[in-house]
Amino acid sequence: MRIVAEHLSYTYNPNTPFAAAALKDVSLCIEEGEFFGIIGHTGSGKSTFIQHLNGLIRLPSSMKKYRERKPKRGEQLLPRPTLRVGSYDLSEKTTDFRALRKSVGMVFQYPEHQLFGETVKEDVAFGLKNFAEKGKELSKEVETSAVREAIEAVGLNYGEVAEKSPFDLSGGQKRRVAIAGVIVSRPEILVLDEPAAGLDPLGKKEIMELLHRLHKTWCKTVIIVSHDMDEIAENCTMSALFAEGTVKYCLSPRELFQKAEELFALGLDIPLVAKLCRALDERGIHIDCDYTAADFVKKILALKRGEGRA
Amino acid sequence: MYALEFKDVSFSYGEGGFRIPKLNFTVKEGEFVAILGHNGSGKSTLARLANGILAPDRGTVSVFGAPVDEKHLYEVRRQVGVVFQNPDNQTVASIVEDDVAFGAENVGTPREEIGRRIDFALSAVGMQAHRLSAVSRLSGGQKQRVAIAGVLALKPRIMILDESTAMLDPRGRREIMEVAKRLNQEEGMTIVVITHFPEEALLADRALVMNRGELVMQGAPKEIFTRHEELITYNLELPRIGRIEKSLHEGGMPVKSTLNIEELVNEIAGELTCGS
C-alpha cells in the first residue's frame, strides 16, 4: 500500500487563543516497501502527520472550505487536502476506517504504558478481537495461534511469557509485547513513534533489529519517527524532514545528510559518520558513503589498502 | 568528609528480588560523577538509597557525614535532590512558579525566602521567562528543567539525575546536561548523573559502572570506554564513535581510541597518508 498525502493541514484548538498550526499544506508520498524515517524537532508536526495515516485524525469531513468555487477578490482558496493509503481514500466519509486501521498498525511512544491485560496473551489478543467483524469472531484456536505467532515474531518465548502479567516483564520485553499487540492483526504498514526511546543502548539495538525482521516478513512498509539521526542513517531507505509543520525534504538518508548546513540551520544534527566525513573532507579525503558505520569503515579500509584511489 | 558515602551497603527487594550484595563508593564534594549500567543493574536503586527513599538492609549511606536514617532523613533530603525520568510524573502544580515553590513550601521555608529561591532556581535553569506559564504547555525539556528548578529551590548540595534525559529529544537532553554542567562549575554543586547515554557520561569527571548490584568499573569516562571487552560483558555499548574506532582497528587500521571526532579524523588522515 502506497501512502499519498496532498495538502494536509491541521490546527490544534482552532478558533481559540491556543490555536496552533501543526501541519501546513503537507504533501508527502511513501512508497510500499520502504523503511521510512520521519525526523524533526518536537512540535514540527511529525506526530500529527502519522496520526492521519490510520484516521486517528480525520481529514475535514465538511469540505465547504475547499469546494470548487470562484474565489472572492483577494481570497486564496485552499487546495483540497487528500490522503490515500492504498485503496483507502481518507477524505471520504464512507471509507471503512476499521479495515484501514487493521492495515495500518500504530505503535505510539512508550507503547508499554498502554499495556493493560492480565496476561501477555490476553493483552496481545485484544487487537485481534477488536478488529474482528461482528458475527465473524475468530475461533479460540485461530486466535491462540495468531497470538502465539505475534509473540514469537517479536522475539519472545510464548511458553515463558504468555501467562505472565505484562507488568512483570522488563522494559524492553514490555515494548515487544506492545508491538506484538499491534502486529497481531497483520497490518501491511507499521508506524512507530520513537520505537527506541528510553531503552538502554542494547535494548535500542534489539528493537531496531526486530523492526528489520518484521519489515522482511510481516509488514511491507515500516515507518519510524526518530530524533536520532544515526538511527535514521543506519536503518532507513527514505526519510522526510519535518520543520514547522511542513515537509522540508523527502530524500534518502544519504542525500539528506549531505545537507548538513541546512540541517544545522534548523537546529538539527547530522549522524556521527556524516560528521566524520565532513571533517575528513576538509583534510582533502573524500569518502563517498551512505553514512552507515559499516559502509564508512569499509570505505576507509579500502582507501587504506590503496583501492579506489585516484 | 565525602558528599556521599556508601559503606558496606547491602539491600534487597525481598526474597528472590533484585539485590545489592555489598556496595562501597564515595563521591567528593563538587564532583561530577556518571553512573552507567544496563537496565536492572541497580543504578536507580542506588539513587533511591542516596536520599533515603529506600533504606539499606546493612551498612550505612552518609551524606556530608550524616547517616541517612530516620533521625537525619529530613536533613538529608534537603541536601540531596533527585530528578527522575518522566517529566510528567514530577510536576504537582499547574503554574511553573507554584510547582517550583512546592518543595520549599513543604519544608517550611519563609514566604519572602521562597520568592528569592524561585528567582534563583528558574534563572539557574534558564526558565525565568516561563515563571507564570502553565506547566502543561511546556515542552518535555522545559518541564524537566522546571523539575530541576523545584529541586534547586531546596538548595541541595547534591543533585542526582536519574535518567532525567531518557524521555527527552536531543535538544531537551542538551539543555539538561548544560544545566547540570553549569551548576557543577558555577555553584560547585555535586552532581551524580545516572544515564544510558555514553555521550553524557563523557561529560563527567568520573564514571562508575554497575552490574547486578555491584560496582564493577570506575575511572575517567574516556578510560572506561577504552575497555571494550569488559563493557560488553556488562551488557554495555560503546559510544558510537568508539564502535567505529573498534571496527577500524579490527579491519587493520590501528587508530588510537580517542572518542573524539577531531582526533579520530586526525588519526585516520595520518594512517591514510603514511601508507601512500
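**Domains of chain A.** Chain A divides into domain 1 (3–270) and domain 2 (271–310), with bounds that come from an automatic or database domain assignment. I note that this is a predicted model, where local features need pLDDT of at least 70, side-chain atom pairs count only at pLDDT 80 or more, and totals for chains, interfaces and linings use all residues. Residues are numbered from 1 along each chain as its sequence is written, while chains are lettered from A and ligands numbered from 1 in the order in which they are written.

The C-alpha centres of the two domains of chain A lie 34 Å apart. Domain 1 of chain A puts 9 residues into the contact, and domain 2 of chain A puts in 9 residues. Contact here requires C-beta atoms, placed from the backbone, within 7 Å. On the domain 1 side, α8 (229–235) and α9 (253–256) of chain A each supply at least two residues. I find that α8(A) gives the most to that side, with 4 residues. Helices are DSSP runs of H or I with at least four residues, strands are runs of E with at least two, and numbering starts at the N terminus.

What classes make up the side of domain 1 of chain A that touches domain 2 of chain A? I read 6 nonpolar, no polar and 3 charged residues. Nonpolar covers Ala, Val, Leu, Ile, Met, Phe, Trp, Tyr, Cys and Pro; charged covers Asp, Glu, Lys and Arg; the others, Gly among them, are polar.

**Helix pair in chain A.** I then checked α6 (171–183) and α7 (201–217) of chain A. Their axes come within 10 Å and cross at roughly 20 degrees. Axes are lines fitted to C-alpha atoms, for helices over the stretch in contact, and angles run from 0 to 180 degrees between N-to-C directions. That crossing makes α6(A) roughly parallel to α7(A), a label for angles under 35 degrees. A:Gly171, A:Gly172, A:Arg175 and A:Ile183 of α6(A) meet A:Gly203, A:Glu206, A:Ile207 and A:Leu214 of α7(A). I sort this contact into 3 nonpolar, 3 polar and 2 charged residues.

**Sheet in chain B.** Next I traced an open sheet of 6 strands, with order β6-β7-β8-β3-β9-β10 (chain B) and mixed pairing. Strands pair if DSSP finds at least two bridges between them. β6 (80–83) and β10 (214–219) of chain B are at the edges with a single partner strand each, so one side of each has no neighbour in the sheet. The twist averages 20 degrees from one strand to the next.

β7 (158–162) and β8 (190–194) of chain B pair in the parallel sense over 5 bridges. B:Ile160 has B:Val192 in β8(B) as its bridge partner. Helix α6 (170–186) of chain B packs on the sheet and touches β3 (32–36), β7 and β8 of chain B. The direction of α6(B) makes about 155 degrees with that of β8(B).

**Between the chains.** Last, I looked at how chain B meets chain A. I find 31 residues of chain B in contact with 29 residues of chain A. α6, α10 (240–250) and α11 (261–274) of chain B each supply at least two residues of the chain B side. The largest share of that side, 8 residues, comes from α11(B). By class, the chain B side has 13 nonpolar, 11 polar and 7 charged residues.

Notes
Contact = placed C-beta atoms within 7 Å. Parallel < 35°, antiparallel > 145°, perpendicular 65-115°, else oblique.
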